[in-house]
Amino acid sequence: MTKYVTLHDDQQPRKQSICILGSTGSIGTQALDVIAQHPDRYEVYCLTANNSVEKLAAQARQFNPAAVVIANENRYEEFQAALSDRPDIKVYAGKKALEEIVEAGPIDTVLASMVGFAGLVPTINAIKAGKKICLANKETLVVAGELILDLVAQYHVSLLPVDSEHSAIFQCLVGEDRNEVDKILLTCSGGPFRLYTHEQLEHVTAADALKHPTWDMGAKITIDSASLMNKGFEVMEAKWLFGVPADKIQVLIHPQSIVHSGVQFMDGAVKAQLGVPDMRLPIQYAFSFPERLPLNGERLDLFKAQKLEFFEPDTKKFECLALAYEAIHQGGNMPCILNAANEVANAAFRQGRCSFLGMAEVIRKTMEQATFDKNPDLDIYLQTDKEAREIARQCVEGSL
């Protein structure tokens, strides 16, 4: 999946020039911490955000990128004023600027950490520009996995996973190139509602769902984790990243979040990657692979952990995971439909316009009514996303 060069002891690696798509989010801010710990290895070329003007301006002042992009054009003047004393930093705004900045010549690596479908086109443009891709935007592979993998092969670029689970799987597979995988073991905490009954789930709120037991993440992905839709997305990611069919990817509820995922090989041996819940490790590993660099932070103490538990997920109670598997089996543009409907339902739940269990209902109805295409291209994906969002909105509003 990845090409790399082995350095001799007397060789110093050239600094990687990094573009972070979504620098003000959870992944982006932790990536900047990794960069700050290794100023001899990494430098920031570009930072982007959707709306977070003050936070993006503060990041720009600290890391001195050549360029910054605020995706929301309505915030451009405000953002430009915030950096008016820094003429050395180019300020851009809008969707087109976001999609084009990844093509800049000095950029070596693009960390795709934007949330949702919006990350698809910038990632495609970065691949076509020959950049190394560190992928934290799971929706890119969920929506268009086959297209992305074809482009990665065509343009001979490296695609490295940043999600903790997929990084764990990747780490387990390093050095196992010729050994057949029997099963991928994909873990998740189970979220805050793991032990809730169906009746209890009827009354949970977004505030309840945002209390993730082990990980500190953005609001959208935290809700997806509570519904287990996030795990469905990760099954799709694993399928494309590691070339393993969905029926060989087993989801395990692991409340301690210590085993980040593993691989079972044909001889029955299981390799797993363990660690504290800290996204900086998979981010840094994607940046530095095949090297492991020092990283400040908490270390895993197995004596304190004491126990590791694993349970099967309840796909009747958490229907979103079942719908994700259904989308995988149908293929074509169905995962794109699933993702679009989920983004609408997730936002509606956070805004109090949809119940927790109602999210699955919106997604199911959208999957039933949106136009199915077995062999989509990028234009079809863009059309599908637009159509599915409209159907999902109507479902939320009760007009369908």
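These notebook entries record what I looked up in a predicted model of one protein chain.

**Entry 1: confidence**
I began with the confidence values. The mean pLDDT of the chain is 93, and 95% of its residues reach 70 or more. Over residues 1–10, however, pLDDT stays under 50, and the model has 19 contacts there beyond four places in sequence. Where pLDDT is low, the predicted coordinates should not be read in detail.

**Entry 2: domains**
I next consulted the domain assignment, which gives domain 1 as 16–161 and domain 2 as 166–276 + 303–397. To their contact, domain 1 brings 20 residues and domain 2 brings 24 residues. I found that 24 Å separate the two centres, taken over C-alpha atoms. About 1900 Å² is buried between the domains, and carbon and sulfur atoms give 74% of that area. On the side of domain 1, the residues that lose the most area to domain 2 are F117, K138 and V142, which together account for 34% of what that side buries.

**Entry 3: the nonpolar core**
I then turned to the largest nonpolar core, which has 129 residues; F287 and L338 have the most contacts inside it. Helix α15, residues 334–350, gives the most to this core, with 10 residues. Both domain 1 and domain 2 give residues to the core, so it lies between them. I also listed partners of F287 beyond four places in sequence; among them are I18, V34, Y42, L111 and C134.

**Entry 4: the UniProt record**
Finally, I checked UniProt, where an unreviewed entry places the feature "domain: DXP reductoisomerase C-terminal" at residues 274–390. In the model this span is 59% helix and 1% strand, and its end C-alpha atoms lie 42 Å apart.

Terms used. Residues numbered from 1 in each chain as written. Predicted model: local features only at pLDDT ≥ 70, side-chain atom pairs only at ≥ 80, totals over all residues. Heavy atoms only, no water. UniProt positions renumbered as here; feature names shortened; annotations may be inferred. Helix = DSSP H or I, 4+ residues; strand = E, 2+ residues; numbered from the N terminus. pLDDT = per-residue confidence, 0-100. Contact = heavy atoms within 4.5 Å. Core = buried A, V, L, I, M, F, W, Y, C linked by side-chain atoms within 4.5 Å. Buried < 20%, exposed > 50% of the residue type's maximum accessible area, 1.4 Å probe, protein only. Domains from an automatic or database assignment. Buried area = accessible area lost by both parts, 1.4 Å probe.
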